[in-house]
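Please keep the sequence and the model in view while reading.

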Amino acid sequence: MKKIEAIVKPFKMDDVREALSEIGVSGMTVTEVKGFGRQKGHTELYRGAEYQVDFLPKVKIEIVTGDDMVERAIEVILAAAHTGKIGDGKIFVTQVERVIRIRTGEEDEEAV
């Protein structure tokens with residue numbers, strides 16, 4: 001099993017969620033996060049004063065899926081989150097050793 005973490009622009013979250021649902025991803029965790037990469041920050045004007053915004057709002061989507069579904073999930077996230085502009089985000093894929101559903105005690109892919 002693999003854990004896929006995708007950091008995307010907030011307005012792309014629904015597109016990514018719908019695309020993942022269409023390929024059979026049944027659950028995900030979504031967190032509002034802030035950060036920056038190459039995009040750095042930007043300056044904004046508030047009441048006539050300019051100030052630096054160092055961390056930009058993003059959304060982190062986390063899913064755990066079987067190895068057979070990983071490439072397809074990555075493909076749909078890439079397609080749904082892509083704008084072609086700086087700050088589109090990143091996808092991280094890591095190995096998951098074990099998953100346990102607390103309610104039933106089911107383990108691994110049955111628990112996902």
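A crossing is called left-handed if the near helix is turned anticlockwise from the far one by less than a right angle, and right-handed if it is turned clockwise. Helices (DSSP runs of H or I, at least four residues) and strands (runs of E, at least two) are numbered from the N terminus. By that convention, α1 passes α2 in a right-handed crossing.

This is a predicted model, in which local features need pLDDT of at least 70 and side-chain atom pairs count only at pLDDT 80 or more, while totals for chains, interfaces and linings use all residues. Residues are numbered from 1 along each chain as its sequence is written, and side-chain values use heavy atoms, with hydrogens and water left out.

**Overall layout.** The chain holds 2 helices and 6 strands, arranged along the sequence in the pattern β-α-β-β-β-β-α-β. Contact here means heavy atoms within 4.5 Å; of the contacts in the chain with a separation of 6 or more, 71% join residues 24 or more positions apart. Residues are termed buried under 20% relative accessible area, exposed over 50% and partly exposed in between, using a 1.4 Å probe and protein chains only. Of the 112 residues in the chain, 32% are buried.

**The helix pair.** Helix α1 (residues 13-22) and helix α2 (residues 70-81) pack with their axes 9 Å apart and at an angle of about 150°, where axes are lines fitted to C-alpha atoms, for helices over the stretch in contact, and angles run from 0 to 180 degrees between N-to-C directions. Angles under 35 degrees count as roughly parallel, over 145 as roughly antiparallel, 65 to 115 as roughly perpendicular and the rest as oblique; α1 and α2 are therefore roughly antiparallel to each other. On the α1 side D15, V16, A19 and L20 take part, and they meet A73, V76, I77, A80 and A81 of α2. The residues of this contact divide into 8 nonpolar, no polar and 1 charged, with Ala, Val, Leu, Ile, Met, Phe, Trp, Tyr, Cys and Pro counted as nonpolar, Asp, Glu, Lys and Arg as charged, and the others, Gly among them, as polar.

**The core.** A nonpolar core is a set of buried Ala, Val, Leu, Ile, Met, Phe, Trp, Tyr and Cys residues joined through side-chain atoms within 4.5 Å. The largest one has 19 residues, of which I4, V16, L20, I61 and I63 touch the most other members. At least two residues of this core come from each of β1 (2-8), α1, β5 (56-65) and α2, and α2 gives the largest share, 7 residues.

| Pair | Residues apart along the chain | C-alpha separation |
|---|---|---|
| K2 and Q95 | 93 residues | 4.7 Å |
| R72 and I23 | 49 residues | 7.9 Å |
| S21 and A73 | 52 residues | 9.8 Å |

K2 is found in strand β1 and is partly exposed, with a relative accessible area of 22%. Not counting residues up to four places away in sequence, K2 touches I63, V64 and T94, among others. R72, in helix α2, counts as partly exposed at 42% relative accessibility, and S21, in helix α1, does so at 40%.

**A backbone detail.** D108 lies in the segment after β6 (89-95), and its phi is near 55°, a positive value in a residue other than glycine. D108 is partly exposed, with a relative accessible area of 30%.
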